[in-house]
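Please look over the sequence and the model below.

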Amino acid sequence: MKIELCDLKRQYQLLKDKIDTYIQRVLEHARFIDGPEIEELEERLCQFIGVRYSIGVSSGTDALILALISLGVKSGDFVITTPFTFPAPAEAVSLLGAIPIFVDIREDTFNIDPEKIKEFLKSPFHPYLKGKVPLRKLKAIISVDLFGQCADYDSISDIARRYSLSVIEDAAQALGAEYKERKAGSLTDVGCTSFFPAKPLGCFGDGGAIFTNDRELAKKIRCLRNHGQAKKYKHLLPGLNARLDTLQAGVLLAKLDTFISQEIALREKIARRYLELLAPLQESGKIILPHIESFNRPVWAQFSIKVLKARRDELRDYLSRKGVPSAIHYPKALHLQKAFSYLGYRRGSFPQAEKISSQIMSLPFYPYLKEEELKYICRQVLSFFGVRKKF
Ligand SMILES: *Cc1c(COP(=O)(O)O)cnc(C)c1O
């Protein structure tokens, strides 16, 4: 059996007519920049997420950069974020000349730990300064909804209010997820998402979006994504070229209905099956399955398990020989990456992030993964640990 980690071809075959129609329409009207599909998509996303404003942008990374600029984060400021994720949040902070403050994650959800944010704020030491972060320079928290499960926003927002910090929700992996019956992307001052092809809702290249209920912020972000222009050649502030392409907006419009009405449920169904079939391995202490908070409804960007007793790489080799690909999200905590070594953190700075990066691995996951494939994958994982099950 040949299985892919994330098979996008199947989705295209299923939605081919609709996607082709949307692409054709853009080719014919030829408004490749700022075409009508952009606004249509933004409106649909507002309805879906339940926010007042949605702004299509060029990628999830650019969404984070624009969000930070729009909130006034600048060189010399500090922003709290997680060391266990894709590098984009810390990178966006760094590129603006601001300084990331990493705070360790929770062992069970892998999301930033609000208790550890509180601990940091009580004694805000940063190795970069070899001293205390002046709290007036501390501007924001970027929390990530890792693997499609929202961070704990009630606690995070509480802390943010107390210290007058803005909160950016990095929902790049979480579009379609819910936290206490509210949609990911709508949970803080500004929400950012990505339409990278392998994300829950992906386009055919790069793309992203920003969500907010704040009118002024939305206006500023719209301006910033297009060279700071309010109108043509009226540049209010230095901006970027960070627009979403019309073609990508067309692709997203073609996919959105199916995403909302079917794929979110399919993702959940596949995740439940994995949880069910792999349960014996958790019971016998071989692996740890994803932990979902009772108030969360994740969208399962990844199905990631923790493999105990340093057997992860061995399991991955075994699966690979059986035709089952896997991935590691993420093999190295960000504070140990060269790009962030200038911050002065070291091994041991964030024990949870470090431990989890040595245990975590992701199994094939996408809404059109077939039941036979899923069973095959689970049989292989079980058989690696010497467990035989009939299903
Ligand atoms: C993918 C991802 C991003 C970046 O999105 P791009 O569209 O690839 O720039 C940012 N944050 C997280 C958590 C991601 O997973």
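**Ligand site and helix packing**

An oxygen atom of the ligand lies 2.7 Å from a polar backbone atom of Gly-60; a polar contact is a pair of N or O atoms within 3.5 Å. The model is predicted, with local features needing pLDDT of at least 70 and side-chain atom pairs counting only at pLDDT 80 or more, while totals for chains, interfaces and linings use all residues. Residues are numbered from 1 along each chain as its sequence is written, and side-chain values use heavy atoms, leaving out hydrogens and water.

Side chains also reach the ligand. An N or O atom in the side chain of Ser-194 is 2.6 Å from a ligand oxygen atom, and one in the side chain of Gln-173 is 2.8 Å from a ligand oxygen atom.

Turn now to the helices, which are DSSP runs (H or I, at least four residues) numbered from the N terminus. Helix α2 (residues 36-49) packs with helix α8 (residues 246-283) at an angle of about 25°, their axes 8 Å apart. Axes are lines fitted to C-alpha atoms over the stretch in contact, and angles run from 0 to 180 degrees between N-to-C directions. The two helices, α2 and α8, are therefore roughly parallel, a label for angles under 35 degrees. Contact (heavy atoms within 4.5 Å) involves, among others, Leu-41, Leu-45 and Phe-48 of α2 and Leu-252, Leu-256 and Ile-260 of α8.

Helix α1 (residues 8-29) also packs with α8, at an angle of about 150° and with axes 8 Å apart. Residues in this contact include Leu-15, Ile-19 and Tyr-22 of α1 and Val-251, Ala-254 and Thr-258 of α8.

Definitions and conventions
Parallel < 35°, antiparallel > 145°, perpendicular 65-115°, else oblique. Polar contact = N/O pair within 3.5 Å; in protein donor to acceptor, adjacent residues only side chain to side chain.
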